[in-house]
Amino acid sequence: MKMALRLATKGSGLVSPNPMVGAVVLRDDQVVGRGWHQRYGEPHAEVMALKAAGNLARGATLYVTLEPCNHHGQTPPCTDAILKAGVARVMAATADPNRKVSGRGADYLKARGVEVEMGLLEDEARHLNEAWFHWVEKERPLVIAKAACSLDGKIATRSGDSQWLTGLKAREMGHRLRHDCDAILVGVGTVLADDPRLTTRLPRRRAKDPIRLVLDSKLRLPPTARLLHLKSSAPTWIATTTAAPGDKIRTLEDLGATVLVTSEDGNRVDLEYLLAELGCRQVQSLLVEGGAEVLGAFFDQNLVDKFYFFYAPKFLGGQQALSVIGGAGVDRLAKAHQARDFSLRRLGPDILVTGYLEKE
């Protein structure tokens, strides 16, 4: 099962809205087939592993990181492939969380004489696909806050100088997060200040661009912004409010952008509404890169699920220097956003702190 979990990670960033899945066929204590879901719309992990095993799959055990599907989607049911191959036993790490699907694959196989067990390394399997499980169970994306700052929590000097706070390894990790996530979000202030592309650039592997999403309640985004003129397979979405001028909406749409109109929440985009809309559009993971006021808005509304904070070994100081999280903040320590399950990692000279936010 550990081998199957490692294989599943090869599909990271490439299979959404499907989960990452790996599979291993074992016969007489020998691995005779391996497979993983490589890209959305292509064969599932079980089918790939069974194809690799060939006739050796008959009477064998199939280890798979998620309950095999028993419905027609982009591909035929994996349960049919398992039965056709003559597999005697299926070990699945975890059940499918979808209430319409959960247990049906296992029950279908059991009714036809295949031994099925579930629960082996279930925690690891759920962690692997935490964004997918979150999306299926809550119908909104896993919100991941990402920021780079100095040791004293500043993202720029008092003059606004911010490039580059962190080193190459930290910035490469940031791009890996972009590859892994379905969408990346910034505020229009970041676009006006930096004119970013919000694309993924990785030196040693093929990279997938996330959907580029800009919060822009009054549609101040200029038509010349670079993210509106990219050769990228990923789209650009603009989240605005009902107060946005119609002519500006049409201009952005003519440039190929998708404009998402939400209700106003204090003259800003309604973030709760936006997350629900993203969930309907099958966005499972949202990487919030800021700036400070955007991060603050997500923290103030308790919408952050996970965080990646990169700390550079620098002190910037100054009351006028921008802090990493803006917004209103909390008025008492008892209301502080509590981190849990956090870990530290060195990336060259920098420190990455990763963890989750407690939910009330």
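Colleague: What do you call the crossing where α2 passes α3, left-handed or right-handed?

Modeller: It's a left-handed crossing, with α2 passing α3. Bear in mind that this is a predicted model.

Colleague: And what makes α2 roughly parallel to α3?

Modeller: The axes of α2 (residues 45–53) and α3 (residues 78–85) cross at roughly 20°. Angles under 35 degrees count as roughly parallel, so that's the label α2 gets relative to α3. The two axes also come within 9 Å of each other.

Colleague: Which residues in α2 and α3 meet?

Modeller: From α2 you have E46, V47 and L50, and they meet C78, A81, I82 and A85 of α3. The residues of this contact divide into six nonpolar, no polar and one charged.

Colleague: How do you know that the buried residues of α2 are on the same side of the helix?

Modeller: Start with the list: A45, E46, A49, L50 and A53 are the buried ones in α2. Around the axis they cover an arc of only 125°, which puts them on the same side of α2.

Colleague: What covers the buried residues of α2?

Modeller: The cover includes β1 (22–27), β2, β3 and α3. As for what follows α2, that's G54, with a positive phi near 60°.

Colleague: What puts the buried residues of α3 on the same side of that helix?

Modeller: C78, T79, I82 and A85 are the buried residues of α3, and they cover only 130° around the axis, so they sit on the same side of α3. Their cover includes α2, β3 (61–64), β4 (89–92) and α4 (104–110). Just after α3 comes G86, which takes a positive phi of about 80°.

Colleague: Where does H44 lie, and between which elements?

Modeller: H44 is in the loop between β2 (30–36) and α2. Leaving aside neighbours within four places in sequence, H44 is in contact with N18, H37, C69, T75 and C78. C78 is also one of the α3 residues that meet α2. H44 and A339, on the other hand, are 295 residues apart along the chain, and their C-alpha atoms are separated by 36 Å.

Colleague: Why is D305 called buried?

Modeller: The relative accessible area of D305 is 10%. Buried means under 20%, so D305 qualifies. D305 is found in the loop between α11 (292–300) and β12 (306–312).

Colleague: Which residues is D305 in contact with, leaving aside its neighbours within four places in sequence?

Modeller: There are H134, R140, P141, L142 and V143, and then G355, Y356, L357 and K359. For K359, the separation from D305 is 54 residues in sequence and 8.1 Å in space, C-alpha to C-alpha.

Colleague: H134 belongs to α6. What makes helix α6 mostly covered?

Modeller: Count its residues: α6 (residues 130–138) has nine, and seven of them are buried. The buried ones are E130, A131, W132, F133, H134, W135 and V136.

Colleague: What covers those buried residues of α6?

Modeller: The cover includes helices α5 (122–128) and α10 (271–280). Strands contribute too, among them β6 (142–150), β11 (285–290), β12 and β14 (350–357).

Colleague: Which residue takes a positive phi just after α6?

Modeller: That's E139, whose phi is about 60°.

Notes
Residues numbered from 1 in each chain as written. Predicted model: local features only at pLDDT ≥ 70, side-chain atom pairs only at ≥ 80, totals over all residues. Heavy atoms only, no water. Axes fitted to C-alpha atoms, helices over the stretch in contact; angles between N-to-C directions. Helix = DSSP H or I, 4+ residues; strand = E, 2+ residues; numbered from the N terminus. Parallel < 35°, antiparallel > 145°, perpendicular 65-115°, else oblique. Left-handed = near helix turned anticlockwise from the far one by under 90°. Contact = heavy atoms within 4.5 Å. Nonpolar A, V, L, I, M, F, W, Y, C, P; charged D, E, K, R; others polar. Buried < 20%, exposed > 50% of the residue type's maximum accessible area, 1.4 Å probe, protein only. Arc of directions from axis to C-beta.
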